[in-house]
Amino acid sequence: MFGCQCFQWSRIADSLPPDMETFSLPAPIPTYPQGEGFASGVINIGELEVLQISRFEFVWGSNLSRDKKKGVTFYKPVGIPNGFFSFGHYCQPNNQPLQGYVLVAREVACSNPQATQIFNSDKFSALRKPLDYTLLWSPDDGSQENNDSCGYFWLPQPPEGYKAMGFVVTDKPKKPELDEVRCVRADLTDSCETHHLMFKTSSKLSKLPFRVWSLRPCHRGMLGKGITTGSFFCSSYWNHREEPHIVCLKNLNSSLHAMPNLDQIHALIKHYGPTVFFHPNESYLPSSVEWFFKNGALLHQKSEPNGQAINTEGSNLPNGGKNDGKYWIDLPSGDTKTSLKSGNLESAKLYVHVKPASGGTFTDIAMWVFCPFNGPATLKVGLMNIALNKIGQHVGDWEHFTLRISNFTGELWSMYFSQHSGGVWVNACDLEFIEGNKSIVYSSRSGHASFPHPGSYLQGSSKLGVGIRNDAARSNLYVDSSIQYEIVGAEYLGDGVVAEPCWLQYMREWGPTIVYDSRSELDKVISFLPAMFRHSVQNMFNKFPLELSGEEGPTGPKEKKNWEGDERW
């Protein structure tokens, strides 16, 4: 049909085995304190109850080369309980153990009648079978040889007023049974978008490549209602400016009954809380906010010549409002300034914000660490390492990482590592664990960015070997977040359940604005380079982030977009 002979298609005889290596956490998931719906297996989202299926049956796979680790494999969910129905199949790259899920659903009486209108007739039921399937793509060129080894990608055709939620993959040209999946009534769905490109190939008879992406809801963050079904999106003609042909679910149950209560949050932190390792040569360690205030930090006000001491709780800080530039925190002068810059590891703790994710089917536990000072950067140019004098330094550094927990099972699913102006999500199977299910976070030297593994990470061009170094290593300098933590926010629990510290409502800058001539410092670096490297390095410097030419004082956690919104990924 499409005549693709450009890469190795898996055959039943030599494809990845159906019992592909699967991932499980190093230790069993604990029994959590009693609550309403957290870790109960099933979540009510209005007219539907959904549960995660993590058992799969191999359907078909493909490789870009003889190296099977470079391909992808497609799976069909199995072990679906009676009364529940699938939305589509699952896809995962072959370079990691099988760790994934798809959601299955059943209809129930709406738990929140005001959220959506209920119809009694079958015509308007929440779930309906597709009317037909459209063959979206296949590498089948019509030969008998390929007919026994090709994959066929089918898009369900929903009834009017309903939406398709996923794709079905078969290893034969025969259409899937209509009972294979269900479509969902449109008012129970939300929009989604493509995210990570998992697979791409081309064929002889198609001008456009066939591509497979992972999906995520368009509306994310603690107020987002979109729920990804765990399926994938694929197409050989789709334009990224168009909406995908499939959608995600929407949680219309405003109770968020599957979120953990306060006792369960403490249990989660004690079980999963990572150990944060700082570089053995770190000069600027973390401290508690209370220690920072008690030992000399000053509140400055515009047009006032002298700073004001801040009490330990921060109750004399301006409360609420917005960052209007009228106030900032700074270090005192003299020996006290040097002492504050160094931090105080003994007092350090992780400040915890707990919030719903993926429409309340996951819990995000964001852990914030405070360092009184962010040190200057180190520039790497080829084999040379150049310690910069001022570039990168500022007072008051807030960094964080986030644990994402499944509300179906209470299992750690992934972690987000914040890294300067961005960050990365890492699946649980790719984390480094130190004890039981407690992972490791490596904080980079001077800049305190978070990484899942030790090493030297380059912020710049790895191809040219030019950029800012982020060195991360294990040492005897660490904070155990499963013990040293304070919960400062969990809005979904209601007023008064978590007492916010006074300083959390301080929305201004935690350090003064610093302006320095980084251009002259970088030009000095360029002048010492061999002539053959100067042009490339000059171009790279021009692409460096704006903060290299100055540092605005950082704002606190609650002023960050990801306090309510999703992480930057």
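Modeller: What follows goes through the salt bridges, then the histidine, then the aromatic rings. This is a predicted model, in which local features need pLDDT of at least 70 and side-chain atom pairs count only at pLDDT 80 or more, while totals for chains, interfaces and linings use all residues. Residues are numbered from 1 along each chain as its sequence is written, and side-chain values use heavy atoms, with hydrogens and water left out.

A search of the whole structure finds 17 salt bridges, a salt bridge being a side-chain nitrogen of Lys or Arg within 4 Å of a carboxyl oxygen of Asp or Glu. One of them joins the side chains of Arg-220 and Glu-193 at 3.0 Å, N to O. Arg-220 lies in the loop between strand S16 (210-217) and strand S17 (226-227) and Glu-193 in strand S15 (residues 192-201), so this pair ties together parts that are 27 residues apart in sequence; helices (H or I, at least four residues) and strands (E, at least two) are DSSP runs, numbered from the N terminus. Arg-220 is partly exposed at 27% relative accessibility, and Glu-193 is partly exposed at 24%, where buried means under 20% relative accessible area, exposed over 50% and partly exposed in between (1.4 Å probe, protein chains only).

A salt bridge of 3.5 Å, N to O, also joins the side chains of Asp-566 and Arg-404. This pair links distant parts of the chain, with Asp-566 in the segment after strand S39 (550-551) and Arg-404 in strand S28 (residues 394-406), 162 residues apart. Asp-566 is buried, with a relative accessible area of 16%, and Arg-404 counts as buried at 13% relative accessibility.

In a further salt bridge, the side chains of Arg-474 and Glu-432 meet at 3.0 Å, N to O. Arg-474 is in the loop between strand S35 (466-472) and strand S36 (478-480), and Glu-432 is in the loop between strand S30 (422-427) and strand S31 (433-435), so parts that are 42 residues apart in sequence are tied together. Arg-474 is partly exposed at 43% relative accessibility, as is Glu-432 at 22%. Salt bridges that share partners join Glu-193, Arg-216, Arg-220, Asp-364, Arg-404 and Asp-566 into one network.

His-353 is placed in strand S24 (residues 350-357) and is buried, at 1% relative accessibility. The side chains of His-353 and Glu-491 are joined by a polar contact of 2.9 Å, that is, a pair of N or O atoms within 3.5 Å, of which, within protein, one must be able to donate a hydrogen and the other to accept it, residues adjacent in sequence counting only if both atoms are side-chain atoms.

Turning to the aromatic rings, the whole structure holds 33 aromatic pairs; rings of Phe, Tyr and Trp (its six-membered ring) pair if their centres lie within 6.5 Å, and planes under 30 degrees apart count as stacked, over 60 as edge-to-face and the rest as tilted. Tyr-101 and Trp-413 form an edge-to-face pair, 5.4 Å centre to centre with 75° between the planes. Tyr-101 is in the loop between strand S6 (90-93) and strand S7 (102-107) and Trp-413 in strand S29 (residues 412-419), 312 residues apart, and both are buried.
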